[in-house]
Amino acid sequence: MASAYTCYGLGAQKYQPRAYNMLLILVGFIFQTAFLIVRGNKIGHCPLSNLFETMIFLSWAIVLNYLIIGPIFRVSLLGTFTAPCVLLINLSALLIPGIDYPRDMSHMSPILELHAGVSLLAYGTLGLASIAAVMFLIENKYLKSRSFTRLVFLMPAIGKLDRVAFRVGLLGLVLLTVGLGAGFLVPEVRFDTVKVGWSMVFWFGYVLAICGRMVSYLSPLKYAWFVIILYGALIGTFGLINEVSKEHQFAL
């Protein structure tokens, strides 16, 4: 419902940030949380044992980050772009056949749950940074062309979007570092798997992006493109890597 309101408002050039839009996102988040709790109780561990559960957890993590970060940075319009992205992930999880396959993970250790959960939370945080970067690019395009639509006037200052994309990206990198670090403490994890190498490539990519922005080697525009492309590659290859690296499917 939040996505429908957003798409209609933007398409008709009549969008206005409303309190009930935030309320709708919050209600959806509560239902997602309830689902994850019920699913976790049913299978006896953190619900991250297959691609379906992982996608639902990822969308939940993105909304969690928005509900915390949006008010902190006073970027209410961030929810306008977050809701359709989350809807797309959830619909994909529900409609893609064969991804909700049963797996017995009763042997899973708490450190493995920590590794998987924090890693997915990091992906959600990095996803929100990418959404802020998309907003930055949109506003930058309109400002350069001097085409001042209603959306531009509703958006935060472009400098604020740059700061949000950077600071949220930094938080995501910290969480990713913690999640991957916890993975190296899991006894059953093999370090020669495809997924370990894949994860380290993206971790290094985010280190380059954050450090490059910190020392001003990357301009705000280049940083925005960097994190969007990096996150798109991360999510776009996740399912494939998950299938290729079957021996490491749960250790994200």
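Author: Happy to. Helices are DSSP runs of H or I with at least four residues, and strands are runs of E with at least two, numbered from the N terminus. From the N terminus on, the elements of the protein chain run α-α-α-α-α-α-α-α-α. Please keep in mind that this is a predicted model.

Reader: How many helices and how many strands does the protein chain come to?

Author: The count is 9 helices and 0 strands. As for burial, 52% of the 252 residues in the protein chain are buried. Among contacts between residues at least 6 apart in sequence, 77% join residues at least 24 apart.

Reader: Let us take a pair of helices. How do you describe the way H7 and H8 cross?

Author: Two packed helices are described by the angle between their axes and the distance between the axes. For H7 (residues 158–183) and H8 (residues 194–214), the axes come within 10 Å and cross at roughly 145°. The crossing of H7 and H8 is left-handed.

Reader: Which residues of H7 meet which residues of H8?

Author: On the H7 side, the residues include Asp162, Phe166, Gly169, Leu170 and Leu173. On the H8 side, they include Ser199, Met200, Trp203, Tyr206 and Arg213. The residues of this contact divide into 11 nonpolar, 3 polar and 2 charged. Gly is counted among the polar residues.

Reader: What makes the ring pair of Phe57 and Trp60 tilted?

Author: A pair of aromatic rings is described by the distance of the centres and the angle of the planes. The structure holds 5 aromatic pairs. In the pair of Phe57 and Trp60, the ring centres are 5.3 Å apart and the planes stand at 50°. Planes under 30 degrees apart count as stacked and over 60 as edge-to-face, with the rest tilted, so 50° makes this pair tilted. Both residues lie in helix H3 (residues 51–73), 3 residues apart, about one turn of the helix. Phe57 is buried at a relative accessible area of 10%, and Trp60 is buried at 16%.

Reader: Which residues do ring pairs link into a cluster?

Author: That cluster is made of Phe29, Phe57 and Trp60.

Reader: How do you know that Ser119 is buried?

Author: Buried means under 20% relative accessible area, and Ser119 has 0%, so Ser119 is buried. Ser119 lies in helix H5 (residues 110–145). A polar atom of the Ser119 side chain lies 2.6 Å from the backbone oxygen of His115. The C-alpha atoms of Ser119 and Gly181 are separated by 9.7 Å, although these residues are 62 residues apart along the chain.

Reader: What makes Asn140 count as buried?

Author: Asn140 has 16% relative accessibility, which is under the 20% cut-off, so Asn140 counts as buried. Asn140 is also in helix H5. Not counting residues up to four places away in sequence, Asn140 touches Ile158 and Leu221.

Reader: Is Ser3 buried or exposed?

Author: With 9% relative accessibility, Ser3 counts as buried. Ser3 is found in helix H1 (residues 2–11), and the Ser3 side chain reaches the backbone oxygen of Ala83 at 3.1 Å. Leaving aside neighbours within four places in sequence, Ser3 is in contact with Ala83, Pro84 and Leu87.

Reader: Why is Ser216 called exposed?

Author: Exposed means over 50% relative accessible area, and Ser216 has 56%, so the word applies. Ser216 sits in the loop between H8 and helix H9 (220–244).

Reader: What is the phi of Ser216?

Author: Most residues other than glycine have a negative phi. Ser216 is not a glycine, yet Ser216 has a positive phi of about 65°.

Note on methods
Residues numbered from 1 in each chain as written. Predicted model: local features only at pLDDT ≥ 70, side-chain atom pairs only at ≥ 80, totals over all residues. Heavy atoms only, no water. Axes fitted to C-alpha atoms, helices over the stretch in contact; angles between N-to-C directions. Left-handed = near helix turned anticlockwise from the far one by under 90°. Contact = heavy atoms within 4.5 Å. Buried < 20%, exposed > 50% of the residue type's maximum accessible area, 1.4 Å probe, protein only. Polar contact = N/O pair within 3.5 Å; in protein donor to acceptor, adjacent residues only side chain to side chain. Phe/Tyr/Trp six-rings, centres within 6.5 Å; stacked < 30°, edge-to-face > 60°.
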